[in-house]
Amino acid sequence: VSLLQKFAAYADIRSDLQTHGILPFGVVTERILSPTEGIVNGRKTILAGTNNYLGLTFDTACIEAAQQALEQEGTGTTGSRMANGTYAGHAALEQELAQFFGRDSALVFTTGFLATMGMVSTLAGRGDVLLIDADCHASIYDGCRLSGAEIVRFRHNDVADLEKRLRRLGERVANTLIVVEGLYSMLGDQAPLPAVAALKEQYGAYLLVDEAHSMGVLGERGRGLAEAAGVEEAVDFTVGTFSKSLGSVGGFCVSDRAELELIRLMARSYIFTASPTPSVVASTRKALELVRGRPELREQLWRNARQLYGGLSAQGFTLGPEAGPVVAVFVEDRTAAIAGWHQLLEQGVYVNLVMPPATPSNASLLRCSMSAAHSSEQIDRIIAAFAALPFCPARNVARQEGGAG
Amino acid sequence: MSAYQECLSIIYEALEAFLQPGQVLSEDSALVADLGLSSLQVMELVADIEDKLDITIPLNVLPDVRNVRELAQLLAGLRGAKS
C-alpha cells in the first residue's frame, strides 16, 4: 500500500459528486451581488447557505470602516499577534469584545477555527480531560487531539450521559473542561445549557461554550445562548467567530479568568500565524457595534427562520429538532440528496449539501441558513424550490391522492 | 470467569445488534474490515458497552482497537484501573 493509496476512496466520491457537472463542495460564486444573492453557474441565485445571519457583509458603515483602515493601515500586518501584528485596532477590538460580553478580557485570533482549536488545545494538556458533546465542530476535535488530554465525548445534548461521565471521572473532574456549542451548526439545535451549567457547578469542572453560530443570534444583547439561558456566570470561556453574524473573518475568546492573558504566550494558533488584516478588524468592530445597536436585525432573522422552518415543515420534510437560523432538511439517500442539491441550484437556490461523516447521522442534509437580509419573497421561493423536489413528502402525498381520484 | 472473558461476552452481546445475517463472531473479527461497522456504529457500540460496564472509554485509545480481542483487552484494562 503506497502513500497515496488512501486517496482512491475520495476519487470515487468525487466522481459520484461530479455526475451532474458541478462539484457541490467548492461551488464558485461568480459574482456576489448582496448578502443573499449571487451569480452561480451563470444564474442569479438566492444564497440560503452562507451563515451570514445578520446580513452585514454589505453594510455601508462596515464597508466604509474597512476602506478607511485599508487606506490608512495597508493590506496586511504581515506578522503574528505576538510579534509585529498587533495594531491599535486589534487591541481596541479585544477591549470592545470584552465589554460586549461583560468579561474581563478577550483574545482575537485570525479565524474562528484557530480560536477554538487554540483554546481547547491550550486549556487542556496531558493528564487533563476534555469532555465534549459528540456533535462538536471539527475545530474542537482537532484542538482535543493536539492537547494531549484524554478525550471523552458524551451523546449529543444528552445531559444524563454527561452526568454519568462526570461521575465516573471522580477526582479528575477538577482537571476537566466540558465543551459544548451554543447552536450546533449542522442541525441548528441548541445545547441544554442550564442543565450543563448546573452539572458543571455541581461537579466542579470547567466549561467552554462555542457561540460561533449563536453570537448575534441569541440573547437579549446578542451574546449567545449563555445569555439567553441566563447562565453566563457558569461559563468559564466563551469562544466564537467573526465570520457569521459579524460578516468578516476571525475568532475570539472572552473570559473572566486571569489565565486568558497567559494563553497569549502559549496558544500556538495565536502565536504562529499572521494577525487579522486591518480592514477585517475595522469592519468587525463596526459590525459588533451594529449587533449592539440594532436588535431589530436579530428579530428579523428569527422571523425569517420561522418562515422557512414552518414552510418546509408544512411540506412534510424531516427537519432539525427546533426552528432557528439553521434549517436542515434530512435526506436519507445520498444520491437523492446530491440530485436534489443540483435541482435546487438549477432553480436558483443555493443551500449546503452535507454528507456523512460531516452529518450527525447516516442521512445527508440539505442545510439552509437564514439571514436577516432575506426577504419574505425570497424565502417563499426557497420553499417552492424544495416543494418541487421529487422526494418532497407533500408532493408525493398529493400525487398519490391525484392518482387515486 | 476472567475479566477478559467477561468483557468478551459483553462485547459479543453488544455486537448482536450490529450483525448482518450469517456473520459469525470471533476474537479475530475486525470491527470495520470484517463486520463492516461505520464510524457512527462503532461509536454506538462503544457507548452501549460503556453503559453496560459503567466505564468511560477515552476517544484517544479507540484508533488502536481493530478487532474484538483488542477491544476486550482494552475493556479488561479499564475495568482493572477502575477497581
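Mentor: We can begin with B:D54, which is found in the loop between α2 (39-53) and α3 (68-82) of chain B, where helices (H or I, at least four residues) and strands (E, at least two) are DSSP runs numbered from the N terminus. This is a predicted model, in which local features need pLDDT of at least 70, side-chain atom pairs count only at pLDDT 80 or more, and totals for chains, interfaces and linings use all residues. Residues are numbered from 1 along each chain as its sequence is written, chains are lettered from A and ligands numbered from 1 in the order in which they are written, and side-chain values use heavy atoms, with hydrogens and water left out.

Trainee: Where is A:N51 found?

Mentor: A:N51 sits in the loop between β3 (43-47) and α2 (60-73) of chain A. Although A:N51 is not a glycine, its phi is positive, at about 60°, and A:N51 counts as buried because its relative accessibility is 15%.

Trainee: What is the peptide bond from A:P356 to A:P357 like, cis or trans?

Mentor: The bond from A:P356 to A:P357 is cis, with omega near 5°, and A:P357 belongs to the loop between β13 and β14 (364-369) of chain A.

Note on methods
Buried < 20%, exposed > 50% of the residue type's maximum accessible area, 1.4 Å probe, protein only.
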